[in-house]
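Let's take a friendly walk through a protein model together. Have a look at the sequence and the picture before reading on.

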Amino acid sequence: MFKQIRILLVALVLSSGFFMTSPSQACPMCAVANEDAQDDVTLARPRAYMYSILFMLAMPATMFTAFGISFYRLSQKRTAMHEEMLTTGHSDSEGSINPSASAED
């Protein structure tokens, strides 16, 4: 008895999905594309949706590029500062002293 109720319940759940929605409700832009109005605003919506997708796809690449360039510049600046400290004999960021500078003392 319990097995038959479970089979009926599964069949009801699976079949209800076919009868409750129309194909245009499955995709938000399909409903907009199927509208009957032919004014300029309605015709421009799919193109605007396409551009929004392109901007969303480009955003991670833009962010990674910006962070990559900033980290590269920071590393170049640190390398230049480190080389300057070595040539002048000052201690670097780790607190070690240039051996050539200590030999002169």
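In which helix do Phe-67 and Phe-71 lie, and how many residues apart are they? Both sit in helix H4, which covers residues 40-88, and they are four residues apart, or about one turn of the helix. Keep in mind that you are looking at a predicted model.

How covered are the two residues? Phe-67 has a relative accessibility of 46%, so it counts as partly exposed. Phe-71 has a relative accessible area of 54%, so it is exposed; the cut-off for exposed is over 50%.

Now let's move to another part of the chain. Tyr-49, Met-50, Tyr-51, Ile-53, Leu-54, Phe-55, Met-56 and Leu-57 form a nonpolar patch on the surface. Together they have about 850 Å² of accessible area. Take Ile-53 as one of these residues: its place is in helix H4, and because its relative accessibility is 33%, it counts as partly exposed.

Finally, step back to view the whole chain. It has five helices and zero strands, and from the N terminus on, the elements run α-α-α-α-α. Of the 105 residues in the chain, 6% are buried. The chain exposes about 9400 Å², and carbon and sulfur atoms supply 68% of that area.

Notes:
Residues numbered from 1 in each chain as written. Predicted model: local features only at pLDDT ≥ 70, side-chain atom pairs only at ≥ 80, totals over all residues. Heavy atoms only, no water. Helix = DSSP H or I, 4+ residues; strand = E, 2+ residues; numbered from the N terminus. Buried < 20%, exposed > 50% of the residue type's maximum accessible area, 1.4 Å probe, protein only. Patch = residues over 30% accessible without salt bridge, like charges linked within 9 Å, V, L, I, M, F, W, Y side chains within 5 Å. Areas by Shrake-Rupley, 256 points an atom, 1.4 Å probe, with all protein chains shown as cover. Salt bridge = Lys/Arg side-chain N within 4 Å of Asp/Glu carboxyl O.
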